[in-house]
Amino acid sequence: MKSAIKRVRAGEIELQERLVAIKRVAKVVKGGRRFSFSAIVVVGDGKGVVGYGLGKANEVTDAISKGIDDAKKNLIKVPILKGTVPHQMEGKYCGGRVFIKPASPGTGVIAGGAMRAVLESAGIKDVLTKSKGSSNPHNVVKATFDALMKMRDPYMVAQQRGVSLEKVFNG
């Protein structure tokens, strides 16, 4: 099956950045420890376009800006239906597993830190989520992206099946 996710160019849209995590990493050398920083960043337009990136540098600000540049290269379009996701889905990356489920209007984003950043950047207003397994922000963000990339747009499903949109929902 061909992927229904379409890549998006960063220059065409206005993106907001959200910092998910910063880690200080140390390299032990002869003279002692040499510190550098890694930052994982999520960017999104709040209308279904979202991306993540990892930046590493000797300074925090450089790591964040590298992460933003990397995130703008990995943008995807996420299907959003009435402010929530179209259907429930599980995502997996290494030890990180996430479960995403649609919610009724007014519920809000019920999600943990790393997953919340991704979903809010994508523009999802109401969603129920559960993070199982690894709580490492890198794995949680990538597992969330895995789940979002597997989502199918109801209009696309109706077109593939050759039926009306009402028939997709009423089954």
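**Contacts, sheets and helices**

Q: Which residues is Ser-134 in contact with, leaving aside its neighbours within four places in sequence?
A: Ser-134 is in contact with Gly-95, Gly-96, Asn-139 and Val-140. Contact here means heavy atoms within 4.5 Å.

Q: What kind of model is this?
A: This is a predicted model, in which local features need pLDDT of at least 70 and side-chain atom pairs count only at pLDDT 80 or more, whereas totals for chains, interfaces and linings use all residues. Residues are numbered from 1 along each chain as its sequence is written, and side-chain values use heavy atoms, with hydrogens and water left out.

Q: Back to Ser-134: where does it lie?
A: Ser-134 lies in the loop that links β8 (127-133) to α3 (137-150). Helices (H or I, at least four residues) and strands (E, at least two) are DSSP runs, numbered from the N terminus.

Q: And which backbone nitrogen lies 3.1 Å from a polar atom of its side chain?
A: That is the backbone nitrogen of Asn-136. A polar contact is a pair of N or O atoms within 3.5 Å; within protein, one must be able to donate a hydrogen and the other to accept it, and residues adjacent in sequence count only if both atoms are side-chain atoms.

Q: What is the strand order in the open sheet with antiparallel pairing?
A: That sheet has 4 strands in the order β1-β2-β3-β4. Two strands pair if DSSP finds at least two bridges between them.

Q: Why is one side of β1 and of β4 left without a neighbour in the sheet?
A: β1 (16-29) and β4 stand at the edges and each has a single partner strand, so one side of each has no neighbour in the sheet. On average, neighbouring strands of this sheet are turned by 15° against each other, direction ignored. For such angles, axes are lines fitted to C-alpha atoms, for helices over the stretch in contact, and angles run from 0 to 180 degrees between N-to-C directions.

Q: How many bridges are there between β1 and β2?
A: β1 and β2 (residues 32-44) pair in the antiparallel sense over 13 bridges. These strands form a hairpin with 2 residues between them. Within this pairing, Val-28 stands opposite Arg-33, and Leu-19 has Val-41 of β2 as its bridge partner.

Q: What about β2 and β3: how many bridges there?
A: β2 and β3 share 8 bridges, again antiparallel. Val-41 has Gly-53 of β3 as its bridge partner. The hairpin of β2 and β3 has 4 residues between the strands, and Gly-46 in the turn has a positive phi of about 80°.

Q: Which strands does α3 lie across in this sheet?
A: α3 lies across β1, β2, β3 (49-57) and β4, running at about 155° to β3. α3 also lies across β5, β6 and β8, at about 135° to β5.

Q: What is the order of the sheet with mixed pairing?
A: Its 4 strands form an open sheet in the order β5-β6-β8-β7. The edge strands are β5 (89-93) and β7 (109-110), and each pairs on one side only. Helix α2 (residues 113-122) packs on the sheet, touching β6, β7 and β8, and its direction makes about 145° with that of β8.

Q: How many bridges join β6 and β8?
A: 7 bridges join β6 (residues 96-102) to β8, and these strands run antiparallel. Pro-102 has Val-127 of β8 as its bridge partner.

Q: New topic: is Thr-144 buried or exposed?
A: Thr-144 counts as buried because its relative accessibility is 0%. Buried means under 20% relative accessible area, exposed over 50%, and partly exposed in between (1.4 Å probe, protein chains only). Thr-144 is found in helix α3. Leaving aside its neighbours within four places in sequence, Thr-144 is in contact with Val-98, Ile-100, Met-115, Val-118 and Leu-119.

Q: Which residues of α4 are buried?
A: In α4 (residues 154-161), the buried residues are Pro-154, Val-157 and Ala-158. Seen down the axis of α4, they fall within an arc of 100°, so they line one face of the helix. The arc is that of the directions from the helix axis to the C-beta atoms.

Q: What percentage of the protein chain is buried?
A: Buried residues make up 39% of its 171 residues.
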